[in-house]
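Hello,

Here is the structure we talked about handing over. Please have a look, and read my notes below alongside it.

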Amino acid sequence: GKYRLQNELGRGAMGTVFLAEDRSLKRQVAVKFLLPELVNSEECALRFHREAVAMAAIRNEHVAQIFSFGDENGAPYFVMEYLDGETVEHLIDSHNRRGFYIPLDDAVDVALQALTGLASIHRAGAIHRDIKPANIMLAADPLRAVIMDFGLVRDVRFDDDMRTLAGTPAYIAPELVEGRTGADSSHLTDIYSMGVTLYELLT
């Protein structure tokens, strides 16, 4: 209705993101749908809604902004800002292929911006749980690092079912892997993942 889907931007473990046009406001947006095969899963639907709620609670230019949540013929979706740019993962890979290092000032600038966004996530009482280069988008003119993909987010203010080990193995903090008490509710695990990301930016 209000949004006209255009092309697919990406697909993850839980959802597909499309570029779309907001017909009433005449602007481009990104629309994320829960994968069709997961629509009937109560757990996945709850996690998908939790992702949208977590994003809506944060107002920071370095965290992807969400505009609305809805349902289209039984398929839940949410609408968020469209960022025209590349991921930090792509930035790192493109420099590696050419045999170049990312300039130190650029790497630090990206990390500091991402940390600003991460701080706002933590102030909202959430843990992202999947900080990595692929989940940080770089919007151009001017350069703006934006944290994306809250599919594994956990709100530490509530006791829930999100205490299982989750994330991308190379970026998971050791205390989580070891199952240390309290690690699953510590913001420090996100800081560790950001540290690994900065290491990759620099090396």
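This is a predicted model: local features need pLDDT of at least 70, side-chain atom pairs count only at pLDDT 80 or more; totals for chains, interfaces and linings use all residues.

Ala 20 faces Val 29 of β3. Leu 19 stands opposite Ala 30 of β3.

How much of β3 is buried? Of its 8 residues (27-34), 6 are buried, so the strand is largely enclosed by the rest of the structure. The cut-off used for buried is under 20% relative accessible area.

Now the turn. β2 and β3 make a hairpin, with 4 residues between the strands. Lys 26 belongs to that turn. Its phi is positive, about 55 degrees, although Lys 26 is not a glycine. Is Lys 26 buried or exposed? Lys 26 has a relative accessibility of 64%, so it counts as exposed.

Next, the sheet as a whole. It is open and has 5 strands, in the order β1-β2-β3-β5-β4, with antiparallel pairing. The edges are taken by β1 (3-11) and β4 (66-72); each has a single partner strand, so one side of each is left without a neighbour in the sheet. On average, neighbouring strands are turned by 30 degrees against each other, direction ignored. As background, strands of a sheet pair through backbone hydrogen bonds, either parallel or antiparallel.

Helix α1 (residues 42-56) lies across β3, β4 and β5. Its angle to β5 is about 20 degrees.

Val 153 is buried, with a relative accessible area of 3%. For a sense of placement, take Glu 42: the C-alpha atoms of Val 153 and Glu 42 are separated by 17 Å, and the two residues are 111 apart along the chain.

Asp 149 lies in that loop between β9 and β10 too. How exposed is Asp 149? It is partly exposed, at 33% relative accessible area. Asp 149 also has a positive phi of about 55 degrees, and it is not a glycine.

Last, the chain overall:

- Secondary structure comes to 5 helices and 10 strands.
- The radius of gyration is 17 Å; for 203 residues a compact globule would come out near 17 Å, so the chain agrees with that rule.
- The C-alpha trace spans about 45 × 40 × 30 Å along its principal axes.
- Buried residues make up 48% of the 203.
- Among contacts between residues at least 6 apart in sequence, 58% join residues at least 24 apart.
- The accessible surface is about 10,700 Å², and carbon and sulfur atoms account for 54% of that.

If you open only one view, I would pick β3.

Best wishes

Key: Residues are numbered from 1 along each chain as its sequence is written. Side-chain values use heavy atoms; hydrogens and water are left out. Buried means under 20% relative accessible area, exposed over 50%, partly exposed in between (1.4 Å probe, protein chains only). Helices (H or I, at least four residues) and strands (E, at least two) are DSSP runs, numbered from the N terminus. Two strands pair if DSSP finds at least two bridges between them. Axes are lines fitted to C-alpha atoms, for helices over the stretch in contact, and angles run from 0 to 180 degrees between N-to-C directions. Contact means heavy atoms within 4.5 Å. The radius of gyration is taken over C-alpha atoms; the globule rule is 2.2 Å times the number of residues to the power 0.38. Accessible areas come from the Shrake-Rupley method with a 1.4 Å probe; for residues, only the protein chains shown count as cover.
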